[in-house]
Amino acid sequence: MAFYGQQILPAAKNMKQFDSILESSYNYGVFLDTHVAQLRSLYQMARGREKNMLLHADLVHGLKNDEFAAQYLCQEIKPFGIISTRAGVIATAKKKGILAIQRLFLLDTIALEKSYALVEKTQPDFIEVLPGVMPHMITEVNERTGIPILAGGLIRSVEEVELALAAGATAVTTSNKNLFDHYRL
């Protein structure tokens with residue numbers, strides 16, 4: 001099962017990558033590194049090209065990453081979805097009817113168990129697992145939570161994308177243009 005028909009969610013770290021997403025056949029993408037002053041114009045451009053962009057709330061410069069910021073993003077910017085490591089941001093997105101994606105960093109066993117507790121509390125729509133180059137962990141998180149998984153971080157090759165998808169990832173988030181091009185619709 002792909003993310004709304006996409007195996008790849010192209011992620012923009014800069015305007016050149018965002019322009020590439022706008023010119024692509026992808027319908028969904030991710031803003032990784034933005035500034036609060038750019039958000040309105042970026043989303044206007046995306047909507048003008050019928051692109052549904054997820055926003056990584058933790059990486060918006062000039063905006064504190066808390067529930068109040070999430071309320072602002074949901075009410076004023078209205079992204080297709082919000083990605084965050086913060087439980088309060090995920091809860092706010094869900095309350096506002098915005099797709100909520102809990103980002104988890106799988107660093108060690110302690111972090112993994114804390115992540116399971118966090119997901120139990122937030123019940124996000126999707127979980128983004130980082131790093132995404134650990135197929136066995138994608139399978140474990142998917143089986144344990146029953147929540148669709150996005151794999152991201154350190155995925156650099158078609159083979160790594162295929163391994164993540166075979167392990168149960170719904171899609172792979174990546175800022176690697178070669179992977180955008182390889183999987184374009």
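**The chain as a whole**

The chain holds eight helices and ten strands. Its C-alpha trace spans about 40 × 35 × 25 Å along the principal axes. A compact globule of 185 residues would have a radius of gyration near 16 Å, and the chain, at 15 Å, agrees with that. Of the 185 residues, 50% count as buried.

**Helix pairs**

The table gives the angle and the axis distance for each.

| Pair | Angle | Axis distance |
|---|---|---|
| α1 and α2 | about 20° | 10 Å |
| α2 and α3 | roughly 45° | within 11 Å |
| α5 and α6 | about 35° | 11 Å |

The pair α1 and α2 comes first. Their axes are 10 Å apart and the helices pack at about 20°. Angles under 35 degrees count as roughly parallel, and α1 is therefore roughly parallel to α2. The crossing in which α1 passes α2 is right-handed. On the α1 side, the contact is made by M15, F18, D19 and L22, and on the α2 side by L42, M45 and A46. Sorted by class, the residues of this contact are six nonpolar, no polar and one charged.

Helix α2 (residues 39–48) also meets helix α3 (residues 67–77), where the axes cross at roughly 45°. These two helices are therefore oblique to each other. Their crossing is right-handed. From α2, the residues L39, R40, Y43 and R47 meet Y72, L73, E76 and I77 of α3. This contact contains five nonpolar and three charged residues, with no polar ones.

The crossing of α5 and α6 is right-handed. Which residues bring them together? In α5 they are L112, E113, Y116 and V119, and in α6 they are M137, E140, V141, R144 and T145. By class, the contact of α5 with α6 has five nonpolar residues, one polar residue and three charged residues.

**A residue in helix α1**

S20 lies in helix α1, which covers residues 15–23. Is S20 buried or exposed? Its relative accessibility is 16%. Buried means under 20% relative accessible area, so S20 counts as buried. Leaving out residues up to four places away in sequence, S20 touches K177 and F180.

D58 sits in the loop between β4 and β5, the latter being residues 60–61. The relative accessibility of D58 is 23%, so this residue counts as partly exposed. What does D58 touch, not counting residues up to four places away in sequence? The residues are N65, I83, S84, T85 and R86. Between D58 and A11 there are 14 Å in space, C-alpha to C-alpha, and the two are 47 residues apart in sequence.

E50 is placed in the loop between α2 and β4, a strand of residues 52–56. Although E50 is not a glycine, it has a positive phi of about 60°. E50 has a relative accessible area of 64% and is exposed, since exposed means over 50%.

L154 is placed in the loop between β9 (149–152) and α7 (158–166). The phi of L154 is near 70°, a positive value in a residue other than glycine.

P131 is placed in the loop between β8 (126–130) and α6. Is the peptide bond from L130 to P131 cis or trans? The bond is cis, with omega near -5°.

**Summary**

In this predicted model, the radius of gyration of the chain agrees with that of a compact globule of 185 residues. Helix α2 takes part in a roughly parallel pairing with α1 and in an oblique one with α3. S20 counts as buried, D58 counts as partly exposed, and E50 is exposed.

Notes: Residues are numbered from 1 along each chain as its sequence is written. This is a predicted model: local features need pLDDT of at least 70, side-chain atom pairs count only at pLDDT 80 or more; totals for chains, interfaces and linings use all residues. Side-chain values use heavy atoms; hydrogens and water are left out. Axes are lines fitted to C-alpha atoms, for helices over the stretch in contact, and angles run from 0 to 180 degrees between N-to-C directions. Helices (H or I, at least four residues) and strands (E, at least two) are DSSP runs, numbered from the N terminus. Angles under 35 degrees count as roughly parallel, over 145 as roughly antiparallel, 65 to 115 as roughly perpendicular and the rest as oblique. A crossing is left-handed if the near helix is turned anticlockwise from the far one by less than a right angle, and right-handed if clockwise. Contact means heavy atoms within 4.5 Å. Ala, Val, Leu, Ile, Met, Phe, Trp, Tyr, Cys and Pro count as nonpolar, Asp, Glu, Lys and Arg as charged, and the others, Gly among them, as polar. Buried means under 20% relative accessible area, exposed over 50%, partly exposed in between (1.4 Å probe, protein chains only). The radius of gyration is taken over C-alpha atoms; the globule rule is 2.2 Å times the number of residues to the power 0.38.
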